[in-house]
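Please look through the sequence and the model below before reading on, and keep both in view as you go. The paragraphs that follow are meant to be read beside them.

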Amino acid sequence: MFGRPARFVARAPGRVNLIGEHTDYNDGFVLPMAIDREVTLVGAPREDRVVRVHSLDFDETLTFGLDFIPREAAGRWGNYVRGVAAVLRDAAFALTGFDAVLKGDVPMGSGLSSSAAIELATLMAFKAAGEAAGRPLDARLDGELAARLAQRAEQRYTGVQCGIMDQFIATLGVEGHALKIDCLDLTHEAVPMPAGARIVVIDTGASRALAASAYNTRRAECEAGAALFRAQTLRDVRYADFVARREGAEGPVMLRVGHVLLENQRVLDAVEALKRGDLEELGLLMSHSHQSLRDLYEVSSDALDAAVDIAEGVEGVYGARMTGAGFGGCAIALTREDAVDALREAIEAQYPQRTGLTPKVFVCRANAGASYRLLDAAAG
Ligand code: ADP
Ligand code: MG
């Protein structure tokens with residue numbers, strides 16, 4: 001592509017969220033797992049301050065200089081790369097330009113956070129390019145700081161007021177583990193996935209039209225909910241106070257508050273269930289989470305409900321729920337290993353009939369967070 005050997009590979013994973021949906025921006029708990037679907041950049045450093053990235057998925061080359069990084073039109077993939085570059089530069093990291101080829105197999109716009117994957121893969125490419133050029137970036141650009149800067153990039157360059165969960169798990173995911181994150185202070189704990197459990201992704205094939213604007217509306221409703229209880233965020237609202245006030249309080253705000261408070265408790269219960277290897281309990285919590293997202297938070301869709309309903313009817317499926325922001329995209333099911341084929345068959349037989357859509361079904365495994373490695377100059 002660029003007429004010279006590659007010097008680095010940088011990668012970052014997508015994720016599923018096992019439970020804890022729409023809680024991250026309310027300073028609550030989440031339990032995501034990085035998955036074995038990734039965005040990868042393969043490239044080499046440059047000696048000028050230019051970044052060139054060729055996307056194999058869009059067959060398009062992006063070129064910009066590090067000193068002037070304007071946004072592109074809304075919805076364009078280049079904004080994720082530009083956003084990360086701009087945010088790192090503004091945080092005073094001395095960036096090295098690079099040429100790279102970009103490719104991903106995280107389904108885009110399906111709720112598996114391909115956006116955080118491209119952000120963190122780009123961030124890792126900057127680290128790799130700096131090191132390969134003999135100008136390594138400050139070692140503090142890692143972990144929580146990397147996640148926060150990637151979140152800022154998405155907020156600034158795409159206008160979605162995303163929480164921290166997606167970037168955090170894409171950075172700090174641990175192979176074979178889910179990660180419980182307390183979004184209040186970002187303390188976190190890796191929890192092993194039991195050997196016999198399988199996480200099956202059901203991509204509904206339904207696009208997430210309106211998802212971005214509805215997402216921002218939900219955020220505003222949660223802020224209104226917190227204000228109602230004179231709290232800074234919903235993390236500070238006690239369930240007993242909510243129960244005392246909800247009678248007679250009609251309207252969406254109380255529904256949203258109810259979801260967030262109970263969802264936080266479900267995450268804590270889910271972590272305990274995982275530690276006990278109690279997959280029945282975890283599955284039940286996931287199904288309750290889905291019902292709450294459907295009825296209280298109102299971010300599900302007919303397609304997601306159909307996928308969850310079909311999955312829950314299969315012997316050996318412990319539970320199922322939408323994952324990600326909602327309105328379309330993916331559902332996940334927690335299943336026994338020997339039930340995966342039956343689940344796939346049930347979805348493929350029933351889902352198109354019920355929805356007119358074509359689903360994709362795949363098993364995912366708990367992957368490690370973003371990383372890079374340098375290639376031998378000779379190996380290329
Ligand atoms: P999600 O994060 O749920 O997948 P988003 O709408 O937040 O959905 O992010 C999807 C966007 O991320 C895509 O429209 C595209 O701009 C960018 N993106 C993700 N993966 C790639 C890729 N492999 N190549 C180029 N852009 C990508
Ligand atoms: Mg996203």
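Predicted model: local features only at pLDDT ≥ 70, side-chain atom pairs only at ≥ 80, totals over all residues.

Residues are numbered from 1 along each chain as its sequence is written, chains are lettered from A and ligands numbered from 1 in the order in which they are written, and side-chain values use heavy atoms, with hydrogens and water left out.

Begin with helix 8, residues 279-295; helices (H or I, at least four residues) and strands (E, at least two) are DSSP runs, numbered from the N terminus. At the start of helix 8, the backbone nitrogen of glutamate 280 has a side-chain oxygen of aspartate 278 within 3.4 Å. Among the buried residues of helix 8 are Leu282, Met286 and His290, where buried means under 20% relative accessible area, exposed over 50%, and partly exposed in between (1.4 Å probe, protein chains only). The cover over these buried residues includes helix 7 (252-276) and helix 9 (302-312) as well as strand 8 (197-203).

Helix 8 also lies across strand 8, strand 9 and strand 10, running at about 30° to strand 9; axes are lines fitted to C-alpha atoms, for helices over the stretch in contact (heavy atoms within 4.5 Å), and angles run from 0 to 180 degrees between N-to-C directions. An open sheet of four strands has the order 9-10-8-11, with antiparallel pairing, and two strands pair if DSSP finds at least two bridges between them. Strand 9 and strand 11 (360-364) are the edge strands, each pairing on one side only. Within this sheet, strand 8 and strand 10 pair over seven bridges, and isoleucine 202 stands opposite alanine 331 in strand 10.

Turning to the rings, a search of the whole structure finds five aromatic pairs; rings of Phe, Tyr and Trp (its six-membered ring) pair if their centres lie within 6.5 Å, and planes under 30 degrees apart count as stacked, over 60 as edge-to-face and the rest as tilted. Phenylalanine 8 and phenylalanine 98 form an edge-to-face pair, 5.9 Å centre to centre with 85° between the planes. Phenylalanine 8 lies in strand 1 and phenylalanine 98 in strand 5, so this pair ties together parts that are 90 residues apart in sequence.

Notes: Expected span 1.5 Å × (residues − 1). Polar contact = N/O pair within 3.5 Å; in protein donor to acceptor, adjacent residues only side chain to side chain.
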